[in-house]
Amino acid sequence: MPVFTSTNTSLDIDLLVLPETNLILIASVIEPLRGANRISGAEIYRWRLFTPDGSPVETTSHIPVPASGGFRPTSDTTPLFVLASYNWRRNATQALKMQLSQTARYRSMMAGIESGSWLLAEASLLDNVSAAVHWEDFEDFALAYPQVRAVKDRFVIDGKRITTAGSLPTVDLMLEIIRRRQGYSLALEVSRLFIYEPAAVYGAVELSPSTAGLRMRDPRVAQAVKLMEENIEQPLVLTRLARRIGISARHLQALFQESIGAPPHVHYLALRLNAARRKVIETKASFAEIAAATGFNSASAFSRSYRASFSESPSGTRRRLRGRSTAAAEPT
């Protein structure tokens, strides 16, 4: 019987949490289940938390989360959720990937939560299925794993595989699991515990910076931001952007100010600079290459804009992060 169909039976879920996982990501899985238990007055969900070595996992908030034990492959059919956020590659050992492959033979369902999707893909457990990926990593993931159908959805349930694109999409997933198993009413009550309104309330806008932190009051603003995100390398001028949406440039400016409190050019520049900063931090690309990839006509123009926004130069960012990494690596 499928795991997430209507039933009154309890469900056990195992969580494998890697170091440097966001605390909110762990809570995004557990708290909706806890809420469902509290509202229903029954233990309809139970969970166990495992780490690669059995030690408490150190989250990005420096708050350790205790584990039930070390993860080992078994013939257990319990669904397994693999949670990861930053620097997942440090823990993606050959042994761990082998363990995941072995346990996948028995698990009724396996989920890659945020960067956990990468780990499942590394273990060849997402081959020929659709997978949701965090918007920051979408292009890199699609290039790295062409055998996986990367999609820009909040979460995907494809057969015996689940993937999510971040913390709030994981809440969406857990509410969907509750809805499928216990019905809409319980899922709605759980969502109200968090004063949470699902993405569908705001229309079908792809997961992106626009939907990750902003709730668009007007669909035309959401459409404009989506076009901005799709045209980072060659930015659209305001008149062309407005024309593609079907309104005047002045009207679009007014809608932006009303909806998000900033004019379109300010939001557009912020998107481009954020994309550039990720490349400064996460890649070894030259500043000229980063400038070209984010719509600046020269490395000097990029550096000026970067400094004005982040109060340091791109080279300063890299020096600072290198210094932090060196300090962290030094023995105490």
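Two residues are in contact here when they have heavy atoms within 4.5 Å of each other. With that in hand, let's walk through the structure, bearing in mind that this is a predicted model.

Start at L269, which sits in helix α11. Setting aside residues up to four places away in sequence, L269 touches F296 and S305. Is L269 buried, exposed or partly exposed? Its relative accessible area is 30%, so L269 is partly exposed.

Stay with α11 for a moment, and look at how it sits against another helix. Helix α8 covers residues 219-230 and helix α11 covers residues 264-282; the two pack at an angle of about 40°, with their axes 10 Å apart. Angles under 35 degrees would count as roughly parallel, and 65 to 115 as roughly perpendicular. That is why α8 and α11 are described as oblique to each other. Their crossing is right-handed. Which residues do the touching? From α8 come V225, M228 and E229, and they meet P264, H267, Y268 and L271 from α11.

Now for a residue in a strand. A84 belongs to strand β6, which runs over residues 80-84. With a relative accessible area of 1%, A84 is buried, since anything under 20% counts that way. What does A84 touch once its neighbours within four places in sequence are left aside? The list is L18, T21, L25, I113, E114, S115 and G116. There is also a distance to look at: A84 and G112 are 28 residues apart in sequence, and their C-alpha atoms are 8.2 Å apart in space.

Next come the charged pairs. How many salt bridges does a search of the whole structure find? The number is 16, and a few of them are worth a visit. Take D12 and R46, which form a salt bridge with their closest N and O atoms 2.7 Å apart. D12 lies in strand β1 (residues 11-17) and R46 in strand β2 (residues 45-51), so this pair ties together parts that are 34 residues apart in sequence. D12 is partly exposed, at a relative accessible area of 32%, and R46 is partly exposed too, at 31%.

Another pair is D172 and R154, whose side chains meet in a salt bridge at 2.2 Å, N to O. Here D172 lies in helix α5 (residues 167-182), while R154 is in the loop between β9 (149-151) and β10 (155-158); the pair therefore ties together parts that are 18 residues apart in sequence. Are these two buried or exposed? D172 has 9% relative accessibility and counts as buried. R154, at 12%, counts as buried as well.

Helix α5 also holds a pair of its own. The side chains of E176 and R179 meet in a salt bridge, 2.7 Å from N to O. Being three residues apart in helix α5, E176 and R179 are separated by about one helical turn. E176 counts as buried, at 16% relative accessibility, whereas R179 counts as partly exposed, at 36%. Elsewhere, salt bridges that share partners join D14, R48, D76 and R107 into one network.

Last stop: the loop between α3 (116-122) and β8 (130-132), where S124 lies. With 45% relative accessibility, S124 counts as partly exposed. N128 lies in the loop between α3 and β8 too. Its phi is near 65°, again a positive value in a residue other than glycine. N128 is exposed, with a relative accessible area of 58%, which puts it over the 50% cut-off.

Notes: Residues are numbered from 1 along each chain as its sequence is written. This is a predicted model: local features need pLDDT of at least 70, side-chain atom pairs count only at pLDDT 80 or more; totals for chains, interfaces and linings use all residues. Side-chain values use heavy atoms; hydrogens and water are left out. Axes are lines fitted to C-alpha atoms, for helices over the stretch in contact, and angles run from 0 to 180 degrees between N-to-C directions. Helices (H or I, at least four residues) and strands (E, at least two) are DSSP runs, numbered from the N terminus. Angles under 35 degrees count as roughly parallel, over 145 as roughly antiparallel, 65 to 115 as roughly perpendicular and the rest as oblique. A crossing is left-handed if the near helix is turned anticlockwise from the far one by less than a right angle, and right-handed if clockwise. A salt bridge is a side-chain nitrogen of Lys or Arg within 4 Å of a carboxyl oxygen of Asp or Glu. Buried means under 20% relative accessible area, exposed over 50%, partly exposed in between (1.4 Å probe, protein chains only).
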